[in-house]
Amino acid sequence: MNRIVGVRCSGLTLAVFAAMTAVVCPADLHAQKTVQTVEQLREVFAAPPNDARPMVRWWWFGPAVSKDEIAREIREMHEGGIGGFELASVYPLALDDPQKGIRNLRYGSPEMVEMLRYAQQQGRALGMRVDLTLGSGWPFGGPHIPIEQAAGRLKVVAISLPLEKLPEMEAGDTPVAAFVAKGTPQHYDAATAKQIEFPKNVGALPSAAGESQVVLLFISSHTKQTVKRAAVGGEGYVLDHMSPEATETHLRAVGDALLGGFNDVPPYAIFSDSLEVYGSDWTLRLPEEFKKRRGYDLIPHLPELVAGGTPQAEEVRHDWGVTLSDLVRENYLKPMTEYATAHHTLFRSQTYGVPAATLSDERVPHLPEGEGPQWNSFSFTRWTSSANHLFSNNITSAETWTWLHSPAFRATPLDMKAEADRMFVEGVNQIIGHGWPYSPSYATEPGYSLYAAAVFNAHNPWWPVMPDVASYLQRVSWMLRQGEPANDVALLLPEDDAQAEFEPGKVSVTDAMKVKISQGLMKAILNTGHNVDYVDGAALGDLHHHPLLVVPPTHRISLAAAHQLQEYVRGGGKVIFVGATPSMAPGLKDAQDTSKIQDEMKPLVAASVHVESEVDLAAAIERTIQPDFDVRGGDGAIGFLHRRLKNADVYFIANTSAESQTIPLHTSSLYHHAEWWNPENGTRQAGGKEQAIVLEPYGSRLLVLSDAAEKGASSQVMMKETGTPIELSHWSAAFPGSRGSAPLPTRTESGTVWTEEDATKFYSGEVRYRTTFKAIAPKRAQHVFLHFTEGKAVSDTQGAGKNGMRAWYDAPIREAAVVYLNGKRVGSLWHPPYELDLAKLITTGENKLEIRIYNTAINELAGQPPRDYTALKAKYGDRFQMQDMENLQPIPSGIFGPVQVVYRIESKATLP
């Protein structure tokens, strides 16, 4: 499961390259061996390798950066448990000011490249991974891209005849073809269209013959989209991802300049963000490429390509869509991958969106990456992890926490866990946090933020618990890399249908899948106790150990894919068809295959399960295969991921809701011994295989099933309360201040919600609540817990279609805490359940308790005037719009509800 096809270091094998240079090739790092036995798993789990730590996208604004600040922020990342960073240069946030030492370095300049070199050096010295975004902002482009190499579109001009003047051609426009047809510019009959010579003047046009007629001008044009959020000097057109010349221009102008700063130590990977080249559906050489690949001339079909309404229109549109995908793959993805290989690095790519990439195009990049926490509906994350599972890439990274709990600085550690756990059940095992804004000392606290993203740096007051958050993410990520993926259901994506429905300006396979793969379809699979991988027709031969294939409503399928379906069934696979079954060839080129496809599909459908709609799918699945993990009692909130080792099964289980959930521990695993592995502290406990699991709000578990019970392993025990809880009171409150909030006087008698008072409601930072209590040291089999009141679920008020997510939960601690007893650290609290075992530190007599509470930076922001970007935008233009920053109000902060010290004794009662 570690195959990286074709990855070499400058023509040498990885091993030879590493031996000759004493530098580890990033591809060699990626090809790490996974642990395959439970014994090996136990050895490493307590202290997993650093390469499983979360990374962050590091935004350099301007870029106006200095070496001192670069080094300082890298140290903070490392101390916070972050394992690496992706260098990304975006729009400026400050005007040049020599007195403050502010200078926006021109993108790609020697001065900026020197800063990249320095950041690489500092990160590598701490053992951190360093990736490089190979462009400013997104998508790729800039001043080096001339209009002729800018993102292309098919421009169609429809004008009623007669006309007085032809429209003027714009810069970069090239005539493709002209037609005359019956109708109006709004509604013309494509079947009547007759091609004419592209007119040079009005006199060359035919006269109207007594009925409404239009002249149709088809022009190879350009979207004129410019780079979004560009750095100074990075402004310009987005490149044409279907043009080899445009890709080559970008690699020479940007790639060579930036990688020149890395000397003999390349970045681990070069990165390309999601394809957001809106409206890109054409390239200058598309007609000749289409004819070469599809075997017929596209030009005569242009009127029906645009207007539809003919029997052949969908077939032509399909062939056009396939050609677009071919050109993106061959002229962008492959050259980028080859360039990375030649420079001893890897190509990490978010391969979805526009232009029209398919799932099988994910074969090309070394490191396909996803984004999006939509675990129970169609998502780019599952699109990517599915491809990696199919094509034997073990690492799936994902851009994580994009838009998390807007506005910036509002996101909490609980929010982070809620989204990360959804990513894990989708198959992610490398978190790329979005993100870390470069924030120099001259930036008004709480520092800089990207216009529409959360902030995960030390300017956020809850930063002291970040090492604990990172440790959790590291252990789960590492565990989900071990063994092999074991999703048991495959879902066929109707990509051919999507391409047949393409229209000019609307050519995204993944956008179409958001409709064709409905949430009802996904939930029918997930809620019956299965996890799922997507597959497209071109990858059906790559299905690995999926006992069931679900085919959603689908009309078109290639003959080759129909053959692969037959092979899948012959190999023992089961198929459930939902609604319409495939019955026709996809495109005009292969229309003659329709009868053969029908001959192949008829017996296959007859021998398989067929249901009329997704409403009946869940019952059909339950009749066909047994659940892999029984989540049916979890009200649709429980997700899981299964990894299979040689002598063990590993399950990650997550409650994605704000309500507690109880489910039976019933799996398809044949192993008899169950262990619960704690990803927060690396400990392990034996458990019962058929016992119930109680998952707290946004709770998660790691379950390892094997027949190799660990000698001396502690057992999971139930506890019942004994005695009367000790109610804690008489709190003092110290306000030591933070980067953005000044220290305040200590209060000897204080409530535990500091935002209830005017003097402290805008305070962001740490508050130290102290008290004393008398207790008795616990006896054998007795435990003493510091217990906070239960939180409660709140209504999800996020509007439909709004980006991002959050944890819909009112916690008793806002937003994180570190607890000390008698001067020693007990632990941190940042997610339910909000309690800690004090047994090892509590003494008989008086005990001193200190609870350090950390909120977010929103409160200090709410007490400040809004940022004024007028002068900045006057100089550089309107490159960003801050999101949700108007009318900020302080967020309730502190401890809510009573705090108790509770005694519990181990119970011999059977676990529920």
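**A helix pair, a buried strand and a buried tyrosine**

Helix α7 (residues 286-294) packs against helix α9 (residues 313-342) at an angle of about 105°, and the two axes lie 10 Å apart. The angle falls between 65 and 115 degrees, so α7 is roughly perpendicular to α9. On the α7 side, the contact is made by Leu286, Glu289, Phe290, Arg293 and Arg294. On the α9 side, Asp319, Trp320, Val322, Thr323, Leu324, Asp326, Leu327 and Glu330 take part. These contact residues comprise 6 nonpolar, 1 polar and 6 charged. The model described here is predicted.

His673, Glu675 and Trp677 point one way from β26. Ala674 and Trp676 point the other way. Both sets are buried.

Strand β26 has two pairing partners in this account. With β29 (residues 700-706), β26 pairs in the antiparallel sense over 5 bridges. Within that pairing, tryptophan 677 has leucine 702 of β29 as its bridge partner. With β27 (residues 684-687), β26 also pairs in the antiparallel sense, here over 4 bridges. Tryptophan 676 stands opposite glutamine 685 in β27. Strands β26 and β27 form a hairpin with 6 residues between the strands. In this hairpin, glycine 682 takes a positive phi near 80°.

Beyond its neighbours within four places in sequence, tyrosine 451 is in contact with Tyr91, Trp138 and Arg229, among others. The contacts also include Phe880, Gln881, Met882 and Gln883. With arginine 229, the tyrosine 451 side chain makes a polar contact, side chain to side chain, at 3.5 Å. Alanine 408 lies 43 residues from tyrosine 451 along the chain, yet their C-alpha atoms are separated by 7.8 Å.

Methods. Residues numbered from 1 in each chain as written. Predicted model: local features only at pLDDT ≥ 70, side-chain atom pairs only at ≥ 80, totals over all residues. Heavy atoms only, no water. Contact = heavy atoms within 4.5 Å. Polar contact = N/O pair within 3.5 Å; in protein donor to acceptor, adjacent residues only side chain to side chain. Buried < 20%, exposed > 50% of the residue type's maximum accessible area, 1.4 Å probe, protein only. Pairing = 2+ DSSP bridges. Axes fitted to C-alpha atoms, helices over the stretch in contact; angles between N-to-C directions. Parallel < 35°, antiparallel > 145°, perpendicular 65-115°, else oblique. Nonpolar A, V, L, I, M, F, W, Y, C, P; charged D, E, K, R; others polar.
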